Amino acid sequence: MASFDFIEASAKGYEFSWYERSYLMRAAVPVVLVKLASILIIRFMHIEDQSLLSGLITMPAHVIEALFMVSVVRFIAFREPLFEFSRVMGGRPPPDIAHDDKAAMGDAEVRHKQDASVFTRVAMFKAGVAMYLLIKIVQLGFIGAMLDYGRGLDPGAEVPAPEQNLANALVFMALTGALLWAFRLVWLYIPMAMGYTVSGFLKRIKGMMSSLSIFATWFVTFFPLMVLISGIFMLSSFVFVSETILQLFIYDVIRVFGETLIILVQTVAMTFGFIEVLTNQNKKE
């Protein structure tokens, strides 16, 4: 069963994101602005509790985010420039990549040509974007259904008998194992953006050890950043007057920036981890 070193992948996720922070953040500006606009529209329409409708309003933001995240994957794997609206509209060219990163990415590209399925660059990019949006739609639908189900539960319902509790515990364990295995499906846009088919990726990364590596990478790239963002939230509550429009706007800005940062670092870390698995690389220096 194939797995990767989640500590190394997470470290590379943080390191690469920090080293290329200027280039990445400049390309992420449209993502942040469209997300912020979507949140403001949702607040203005007072539909925060309607998860499905609010998810529909945020779809344009997810489209921009998909273009950005897939371009990040291809930037790491193939040294392709990031998707920037300023560059599309005739702005300045992308900056040069460091020599060490060029060597590592060049090795990944050579191995990709040897191992991955043959697709054009445009086809790989479109496949990654389409898969990213499909995953987002499924996530929005699942979260919306769970929230609606939770609201429909009766708080005064009777506690089930011990035998029923045991059965529920077994079902919960089985469901937890299934969700842990299925967690790899959330990142399918990464191998597809690199030119691998879904079946080829799942065959290469089969086994629960891969799921544990993916989950551990997700946690290591989520928890520290979430603590940092929570600290910024707490600090802003002392600076700005509570329950004002300005405070809500600042909260939304911090939330959008934090969500984008977390997804970015996670995508970078997962990309390095998947490159190690898919190309059989072992770059422990």
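The model is predicted: local features need pLDDT of at least 70, side-chain atom pairs count only at pLDDT 80 or more, and totals for chains, interfaces and linings use all residues. Residues are numbered from 1 along each chain as its sequence is written, and side-chain values use heavy atoms, with hydrogens and water left out. The protein chain has 13 helices and zero strands.

**Overall make-up**

- Helices (H or I, at least four residues) and strands (E, at least two) are DSSP runs, numbered from the N terminus.
- Read from the N terminus, the order of elements is α-α-α-α-α-α-α-α-α-α-α-α-α.
- The protein chain has 285 residues, of which 40% count as buried; buried means under 20% relative accessible area, exposed over 50%, and partly exposed in between (1.4 Å probe, protein chains only).
- Contact means heavy atoms within 4.5 Å. Taking contacts between residues at least 6 apart in sequence, 83% join residues at least 24 apart.

**Helix 2 against helix 13**

- Two packed helices are described by the angle between their axes and the distance between the axes. The axes are lines fitted to C-alpha atoms, for helices over the stretch in contact, and angles run from 0 to 180 degrees between N-to-C directions.
- Helix 2 (residues 21-45) and helix 13 (residues 245-278) have axes that come within 9 Å and cross at roughly 135°.
- That angle makes helix 2 oblique to helix 13. Angles under 35 degrees count as roughly parallel, over 145 as roughly antiparallel, 65 to 115 as roughly perpendicular and the rest as oblique.
- The crossing of helix 2 with helix 13 is right-handed. A crossing is left-handed if the near helix is turned anticlockwise from the far one by less than a right angle, and right-handed if clockwise.
- On the helix 2 side the contact is made by L24, M25, A28, V31, V32, K35, L36, I39, L40 and R43. On the helix 13 side it is made by L248, F249, D252, V253, R255, V256, F257, E259, T260, I263 and L264.
- By class, this contact of helix 2 with helix 13 has 15 nonpolar, one polar and five charged residues. Ala, Val, Leu, Ile, Met, Phe, Trp, Tyr, Cys and Pro count as nonpolar, Asp, Glu, Lys and Arg as charged, and the others, Gly among them, as polar.
- T260, in helix 13, counts as buried at 2% relative accessibility. Apart from neighbours within four places in sequence, T260 is in contact with A28, V31, V32, K35 and M69.

**Helix 1 against helix 11**

- The axes of helix 1 (residues 6-19) and helix 11 (residues 208-220) come within 9 Å and cross at roughly 35°.
- Helix 1 and helix 11 cross in the right-handed sense.
- The contact joins F6, S10 and Y14 of helix 1 to S213, A216, T217 and V220 of helix 11.
- By class, the contact of helix 1 with helix 11 has four nonpolar, three polar and no charged residues.

**Aromatic rings**

- The whole structure holds 14 aromatic pairs. Rings of Phe, Tyr and Trp (its six-membered ring) pair if their centres lie within 6.5 Å; planes under 30 degrees apart count as stacked, over 60 as edge-to-face and the rest as tilted.
- Y23 and F75 have ring centres 5.3 Å apart and planes at 80°, so the pair is edge-to-face. The pair links distant parts of the chain, with Y23 in helix 2 and F75 in helix 4 (residues 59-78), 52 residues apart. Both Y23 and F75 are buried.
- F183 and F215 have ring centres 6.1 Å apart and planes at 65°, so this pair is edge-to-face. F183 is in the loop between helix 8 (162-182) and helix 9 (189-193), and F215 is in helix 11, 32 residues apart.
- F183 is buried, at 18% relative accessible area, whereas F215 is partly exposed, at 38%.
- One aromatic cluster is formed by Y132, F183, W187, Y189, F215, W218 and F222.

**Backbone and other single residues**

- Most residues other than glycine have a negative phi, and most peptide bonds are trans.
- H46 is not a glycine but has a positive phi of about 55°. H46 is in the loop between helix 2 and helix 3 (51-57) and is exposed, with a relative accessible area of 63%.
- R79 has a positive phi near 60°. R79 is in the loop between helix 4 and helix 5 (85-88) and is partly exposed, with a relative accessible area of 37%.
- R204 lies in helix 10 (residues 198-204) and is partly exposed, at 29% relative accessible area. R204 and N280 are 76 residues apart in sequence and 9.9 Å apart in space, C-alpha to C-alpha.
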